[in-house]
Amino acid sequence: MKKKDIVKLSRRDFERAWLESGKLLKKPHHDLQYPRLRFGVGKSHVLYDTIWMIREAYLRLGFSEMVNPVFIDEEHIYRQFGPEAPAVLDRCFYLGGFQGQT
């Protein structure tokens, strides 16, 4: 069925033209169909690649790596900032922990 024939048929009977033209499509390779039987390999982001290269460069220069905690206990904020600690905590998000029996 050629393009002109499909257009003519669609003017007369759109639904039939739709169904008939669908039969003309080639079935994709099974790896390209859903659900895929084979998954492609992911790609890393350029920012994280750059961070990794800089990290490696600093380690080769002799620097030691330290872990900076993501969550800081409220007690440490009070030790560091003293009387200004409530103002600092007012501007930061922090997790309130359960006060255990000591």
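Modeller: Let us begin with burial: a residue is buried under 20% relative accessible area, exposed over 50% and partly exposed in between (1.4 Å probe, protein chains only). Of the 102 residues of this chain, 6% count as buried. The model is a predicted one, in which local features need pLDDT of at least 70 and side-chain atom pairs count only at pLDDT 80 or more, while totals for chains, interfaces and linings use all residues. Residues are numbered from 1 along each chain as its sequence is written, and side-chain values use heavy atoms, leaving out hydrogens and water.

Colleague: What does the secondary structure of the chain come to?

Modeller: Helices (H or I, at least four residues) and strands (E, at least two) are DSSP runs, numbered from the N terminus. The chain has 5 helices and 0 strands, giving the pattern α-α-α-α-α along the sequence.

Colleague: How is a pair of aromatic rings described?

Modeller: Such a pair is described by the distance of the centres and the angle of the planes. Rings of Phe, Tyr and Trp (its six-membered ring) pair if their centres lie within 6.5 Å; planes under 30 degrees apart are stacked, over 60 edge-to-face, and the rest tilted. The whole structure holds 2 aromatic pairs. The ring centres of Tyr58 and Phe63 are 5.3 Å apart and their planes stand at 90°, so this pair is edge-to-face. Tyr58 is partly exposed at 46% relative accessible area, whereas Phe63 is exposed at 51%.

Colleague: How many salt bridges does a search of the whole structure find?

Modeller: Side chains of opposite charge can pair when their charged atoms come close. A salt bridge is a side-chain nitrogen of Lys or Arg within 4 Å of a carboxyl oxygen of Asp or Glu. The search finds 5 salt bridges. One of them joins Glu20 and Lys23, at 3.6 Å from N to O; Glu20 is partly exposed at 28% relative accessibility, and Lys23 is exposed at 63%.

Colleague: Where in the chain do Arg79 and Glu75 lie?

Modeller: Both belong to helix H4 (residues 74-81), and being 4 residues apart they are separated by about one helical turn. Arg79 is exposed at 60% relative accessible area, while Glu75 is partly exposed at 42%. Elsewhere, salt bridges that share partners join Arg55, Glu56, Arg60 and Glu65 into one network.
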